[in-house]
Amino acid sequence: EEGETGEDAGDEGEDGGEDPVARCPRDPNVSDVDWAELEKAKEAHEEKLRRMKREMDEQQRREELKRAQAVQERIRRICPCPMGFSW
């Protein structure tokens with residue numbers, strides 16, 4: 001039975017998308033102050049990564065919208081609607 005619980009415990013930590021640093025165990029010789037500082041730095045770094053990803057996603061969305069608007073404008077100039085409507 002002990003082997004089963006050991007296997008289960010090993011399976012719990014194996015998330016394909018989880019960051020290995022996020023589940024890193026605390027070394028026994030690390031003080032509470034140092035550990036708190038490391039945790040705070042880790043959270044700040046993760047927030048910075050999330051912010052950078054949001055900014056990149058927003059920039060990509062704007063660039064795609066700009067390209068779509070340019071294509072729409074070319075269509076208007078090249079091929080006006082035969083009924084006089086705006087594309």
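This is a predicted model: local features need pLDDT of at least 70, side-chain atom pairs count only at pLDDT 80 or more; totals for chains, interfaces and linings use all residues.
Hi everyone, let's start with Glu-55: this residue is partly exposed, with a relative accessible area of 47%.

Who is the partner of Glu-55? Glu-55 forms a salt bridge with Arg-51, and their closest N and O atoms are 3.9 Å apart. That counts because the cut-off is 4 Å. Both residues sit in helix α2, four residues apart, or about one turn of the helix. Arg-51 is partly exposed too, at a relative accessible area of 37%.

Staying in helix α2, let me move along to Arg-61 and Glu-58. Their side chains meet in a salt bridge, with an N to O distance of 2.7 Å. These two are three residues apart in the helix, so about one helical turn separates them. Glu-58 is partly exposed at 28% relative accessibility, and Arg-61 is partly exposed with a relative accessible area of 47%. Salt bridges with shared partners also link Glu-47, Arg-50 and Arg-54 into one network.

Now for Lys-42 and Glu-39. Their side chains form a salt bridge at 3.3 Å, N to O. Helix α2 covers residues 32-78, and this pair lies three residues apart within it, about one helical turn. Is Lys-42 buried or exposed? Lys-42 is buried, because its relative accessible area of 18% is under the 20% cut-off. Glu-39, at 22% relative accessibility, counts as partly exposed.

And the total for the model? The count comes to nine salt bridges.

Methods: Residues are numbered from 1 along each chain as its sequence is written. Side-chain values use heavy atoms; hydrogens and water are left out. Buried means under 20% relative accessible area, exposed over 50%, partly exposed in between (1.4 Å probe, protein chains only).
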